[in-house]
Amino acid sequence: AWMDSKDAFVILFSYGLGCIATGYYLVRWRTGQDVRHLGSGSVGARNTGRVLGRWGFWAALTGDLLKGIAAVASGRLLGASSAAAALSVTAVAAGHVFPIQLRFRGGKGIAVSLGALLALDVRIAAVWGIVFAVLFLCSRRFLISGLLSVLSIPAAAPALGLPVMTSLSLVLLAGLIFLAHRNNIANLLRSRRSSESMTDV
């Protein structure tokens, strides 16, 4: 079998770690409110920052980065296979985006994915960061640069000579991040269509 019970445990444990929605619990603790009903409705660091201020942003960001790192690190400590290590990256991000205890309404998965990739292979995280920086410098569009740079994650794995399973898992990760941003993408397309129709007038 390409995956044993230890590998299955690591993947499930990673999903469980991802479900610990840092921003949600910080806002619940400080205000008693549900962050999913405030601001953008996300449990991520940016929306937490809108509600709690700068410290809330940094606390949520740190928590999300750390759970990504912890997911991959725990797999390494338990001696999981390279396939399970790669899948744990996607699993922890899936837990963040679709936390079971919050009825699958979570965050956007950027910080947790970055943390997991830093632990899996820092070169992939570096490629992602560099591509984002170049795109942002060229376009000054944060969201578009962020989404397009996500495509560099699965592209980096084969370029760095990593196993096929790692590439496949990172394709799933990129798809998951795009799924989490589906409303943002729809809004971008809507605003583009409306600006085009205005220029037609």
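1. Let me start with the charges: the structure holds three salt bridges. The term is used here for a side-chain nitrogen of Lys or Arg within 4 Å of a carboxyl oxygen of Asp or Glu. Please keep in mind that this is a predicted model, where local features need pLDDT of at least 70, side-chain atom pairs count only at pLDDT 80 or more, and totals for chains, interfaces and linings use all residues. Residues are numbered from 1 along each chain as its sequence is written, and side-chain values use heavy atoms, with hydrogens and water left out.

2. One of the salt bridges joins D34 to R36, with 2.7 Å between the closest N and O atoms. Buried stands for under 20% relative accessible area, exposed for over 50%, and partly exposed for what lies in between (1.4 Å probe, protein chains only).

3. D64 and K67 make another salt bridge through their side chains, at 3.4 Å from N to O. Both residues belong to helix α4, where they sit three residues apart, about one turn of the helix. Helices here are DSSP runs (H or I, at least four residues; strands are E, at least two), numbered from the N terminus. D64 is buried, and K67 is buried too.

4. D121 and R123 also form a salt bridge, and their closest N and O atoms are 2.9 Å apart. D121 is buried, with a relative accessible area of 12%, whereas R123 is partly exposed at 40%.

5. Now to the nonpolar surface. Which residues form a nonpolar patch there? They are L66, I69, L114, L118 and V122, with about 390 Å² of accessible area together. The elements giving two or more residues to this patch are α4 (54-77) and α6 (110-120). For the patch, residues need over 30% relative accessible area and no salt bridge; like charges are joined within 9 Å, and nonpolar side chains (Val, Leu, Ile, Met, Phe, Trp, Tyr) within 5 Å. The areas come from the Shrake-Rupley method with a 1.4 Å probe, and for residues only the protein chains shown count as cover. I69 is placed in helix α4 and is partly exposed, with a relative accessible area of 32%.

6. Helix α2 (residues 22-31) has T22, G23, Y24, L26 and V27 as its buried residues. What do they pack against? The buried residues of α2 pack against α3 (45-52) and α4, where contact means heavy atoms within 4.5 Å. Just after α2, G32 has a positive phi of about 80 degrees.

7. S14 is found in helix α1 (residues 5-18) and is buried at 0% relative accessibility. Leaving out residues up to four places away in sequence, S14 touches A71, S88, A91 and V92.

8. On to the rings: a search of the whole structure finds six aromatic pairs. One of them is F132 with F142, edge-to-face at 5.5 Å centre to centre and 80 degrees between the planes. This pair links distant parts of the chain, with F132 in helix α7 (residues 122-139) and F142 in helix α8 (residues 142-150), 10 residues apart. F136 and F142 have ring centres 6.3 Å apart and planes at 80 degrees, so that pair is edge-to-face as well. Rings of Phe, Tyr and Trp (its six-membered ring) pair if their centres lie within 6.5 Å; planes under 30 degrees apart are stacked, over 60 edge-to-face, and the rest tilted.

9. F132, F136 and F142 form one aromatic cluster. F132 is partly exposed at 22% relative accessible area, F136 is partly exposed at 26%, and F142 is partly exposed at 47%.

10. Finally, have a look at I124, which has its place in helix α7 and counts as buried at 0% relative accessibility. Not counting residues up to four places away in sequence, I124 touches L117, I153, A156, L160, L162 and L170. The C-alpha atoms of I124 and P154 are separated by 8.6 Å, with the two residues 30 apart along the chain.
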